[in-house]
Amino acid sequence: MSEGEGNAEYGKKAFKRSKSHFADRVTADGRDGWPVEAGRYRLVVSRACPWASRAVISRRLLGLKDALSLAITDPIQDDRSWRFTLDPDGRDPVLGIRFLSEAYDARETGYPGGVSVPALVDVPSGQLVTNDYQRLTIDFATEWTALHRDGAPDLYPAALRDELDEVMADVYEDLNNGVYRAGFASHQEEYEEACRGVFRRLDLLTERLGARRYLVGEAITEADIRLFTTLVRFDAVYHGHFKCNLWKLTENQVLWGYVRDLYQTPGFGDTVDFDHIKRHYYQVHTGINPTGIVPLGPDPSGWLTPHHREELGGRPFGDGTAPGPVPEGERVPARGRP
């Protein structure tokens with residue numbers, strides 16, 4: 001999620017997501033100059049952002065917590081970008097910076113585009129390595145294997161990659177990015193096209209998930225992570241704030257059961273902060289919510305109710321195991337949980 005042209009500009013022109021400008025990869029062989037190395041990098045995220053939340057979930061499922069430190073930004077930022085005002089003295093304790101933009105500037109002065117999360121920062125130099133949200137979690141699953149915990153699931157199985165890539169591309173186009181195209185639309189026709197695309201994709205996903213527990217294969221994969229981070233925000237912000245309101249997720253028995261199943265799986269719901277999510281969308285996007293008023297609802301208690309999806313079979317972690325408890329310093333505050 002990027003902030004670059006001023007928060008009040010959203011909704012005044014057609015929305016177009018910019019490509020990641022910094023697309024270096026951290027790999028096992030270090031071919032881009034950035035080798036996988038425990039303790040070298042810091043993952044900067046916002047719990048409000050679905051793209052960043054993918055990386056948080058992946059890091060937790062794979063057990064990279066000791067190898068890759070985590071920085072959580074304030075969900076409310078100004079036009080200077082994501083900021084570390086949740087930390088003492090308003091500075092990230094590892095990088096020593098007040099704004100994520102400082103890591104971008106350390107890498108390239110006057111770079112094009114906004115400051116986005118997730119961002120992987122090289123701790124020794126303070127430079128941004130990559131903000132390629134599409135590639136980052138794939139690399140966590142495939143390039144960081146030497147640092148995975150014992151029992152880490154295979155989130156991007158080689159035998160399923162063609163199907164995974166196809167499913168994820170469709171979900172991205174119509175849903176992950178489609179809600180933004182609807183929410184930031186500046187013309188009625190533009191909004192209606194995007195909104196209808198969102199619900200067409202939701203209908204197709206309902207058919208797909210009606211008789212299978214997970215999107216691809218018998219266990220959780222990267223595809224489920226990418227779908228979850230949009231669905232978990234749907235009723236809280238996309239239904240109202242982004243006007244994707246043909247129906248609520250809670251009104252769809254299949255998808256509501258699917259997303260609750262994942263929410264109640266270790267590594268998913270324990271990374272979700274509904275307080276950060278709601279305050280970010282409703283207070284930052286002043287172009288479409290000029291009052292900055294944050295709604296009280298929806299009631300989050302339903303997230304913990306039985307889903308019965310285990311009756312469909314499947315094994316959440318495949319041949320692996322569940323991640324351990326959330327580290328003390330990474331727990332979602334009570335106000336952000338059901």
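These are my notebook entries on a predicted model.

**Ground rules.** Residues count from 1 along each chain as its sequence is written, and side-chain values use heavy atoms, with hydrogens and water left out.

**Entry 1: second largest pocket.** I looked up its volume and found about 270 Å³. A pocket here is an open set of points on a 1 Å grid over the protein atoms alone, where a 1.4 Å probe fits, with protein on both sides within 12 Å along at least five of seven lines. Points are joined across faces, edges and corners, and the volume is the space filled by probe spheres set on them. Lining residues have an atom within 4 Å of a point. I get 22 of them, and F274, P298, D299, P300 and W303 are the closest to the centre. Helices α8 (234–238) and α10 (274–284) each give two or more residues to the lining. The largest share, 4 residues, comes from α10. My element names follow DSSP runs numbered from the N terminus: helices are H or I, at least four residues, and strands are E, at least two. By type, the lining has 12 nonpolar, 3 polar and 7 charged residues. Nonpolar covers Ala, Val, Leu, Ile, Met, Phe, Trp, Tyr, Cys and Pro; charged covers Asp, Glu, Lys and Arg; the others, Gly among them, are polar.

**Entry 2: cis prolines.** Most peptide bonds are trans. I noted a cis bond between G297 and P298, with omega about 0°. Another cis bond joins V117 and P118, with omega about 5°. P118 falls in the loop between β4 (115–116) and β5 (119–122).

**Entry 3: positive phi.** Most residues other than glycine have a negative phi. K243 has phi near 60° and belongs to the loop between α8 and α9. H308 has phi near 65° and belongs to the segment after α10. I class residues as buried under 20% relative accessible area, exposed over 50%, and partly exposed in between (1.4 Å probe, protein chains only). Both are partly exposed: K243 at 39%, H308 at 46%.

**Entry 4: cysteines.** How many disulfides does a search of the whole structure find? I count 0, taking a disulfide as two cysteine sulfur atoms within 2.5 Å. For C49, the nearest cysteine sulfur is that of C244, 17 Å away. C49 is buried at 0%. For C244, the nearest is that of C195, at 4.7 Å. C244 is also buried, at 0%.

**Entry 5: helix α9.** I checked residues 253–263 and found 9 of 11 buried. Among them are W256, Y258, R260 and D261. The buried residues pack against α6 (188–209), α7 (222–231) and α10; contact means heavy atoms within 4.5 Å. N252 caps the N-terminal end, with a side-chain oxygen 3.1 Å from the backbone nitrogen of V254.

**Entry 6: D150.** Is D150 buried or exposed? D150 is exposed, at 77% relative accessible area. I place D150 in the loop between α3 (133–142) and α4 (161–176). Its C-alpha lies 8.7 Å from that of L62, 88 residues apart along the chain.

Conventions: Predicted model: local features only at pLDDT ≥ 70, side-chain atom pairs only at ≥ 80, totals over all residues. Polar contact = N/O pair within 3.5 Å; in protein donor to acceptor, adjacent residues only side chain to side chain.
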